[in-house]
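Please look over the sequence and the model below before reading on. The report then goes through some of its details.

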Amino acid sequence: KIENLSVCPQLKVLILSFNEISKIEGLSDLHHLERLELSFNLIKRGDGLQGLKSLRALELNNNVMNRLDDIALMSREMPSLTSLDLRSNPICKAKTYKQ
């Protein structure tokens, strides 16, 4: 579980890889966050990324994400996003993933 980050509102980089996180939560107060690394966790959905308007790089590789809808959500919720890593997720095997 991601918690107690509201005391760090100026945080720009957050690395939470290899933590067995299953749900993205507790990040809504991090308005200055530019880079978020959540690789090698147990994340299934892209929910919980709302409000991260400054996020430019997001690493979600090696999780268990499997919904193409989550990519559309990320695109809408994070207009500054220029780098998204979803390698080694079940979503990468979807026929329409790379279109």
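The model is predicted. In helix α1, which spans residues 69-77, the buried residues are Asp-70, Leu-73 and Met-74. They line one face of the helix, because seen down its axis they fall within an arc of 100°. In general, an α-helix has 3.6 residues a turn, so residues three or four places apart point the same way. The buried residues of α1 pack against β3 and β4. On the face turned away from this buried side are the exposed residues Ser-75 and Arg-76.

The structure holds eight salt bridges. Three of them are listed here.

| Pair | Closest N and O atoms |
|---|---|
| Arg-56 and Glu-34 | 2.8 Å |
| Asp-70 and Arg-45 | 3.0 Å |
| Arg-45 and Asp-47 | 3.8 Å |

Asp-70 lies in helix α1 and Arg-45 in the loop between β2 and β3, so this pair ties together parts that are 25 residues apart in sequence. Asp-70 is buried, because its relative accessible area is 0% and the cut-off for buried is under 20%. Arg-45 is partly exposed at 30%, and Asp-47 is partly exposed at 35%.

Salt bridges that share partners join Lys-12, Glu-34 and Arg-56 into one network.

Ser-39 lies in the loop between β2 and β3. Ser-39 counts as buried, with a relative accessibility of 3%. Leaving aside neighbours within four places in sequence, its contacts include Ser-17, Phe-18 and Glu-59.

Technical notes: Residues numbered from 1 in each chain as written. Predicted model: local features only at pLDDT ≥ 70, side-chain atom pairs only at ≥ 80, totals over all residues. Heavy atoms only, no water. Helix = DSSP H or I, 4+ residues; strand = E, 2+ residues; numbered from the N terminus. Buried < 20%, exposed > 50% of the residue type's maximum accessible area, 1.4 Å probe, protein only. Contact = heavy atoms within 4.5 Å. Arc of directions from axis to C-beta. Salt bridge = Lys/Arg side-chain N within 4 Å of Asp/Glu carboxyl O.
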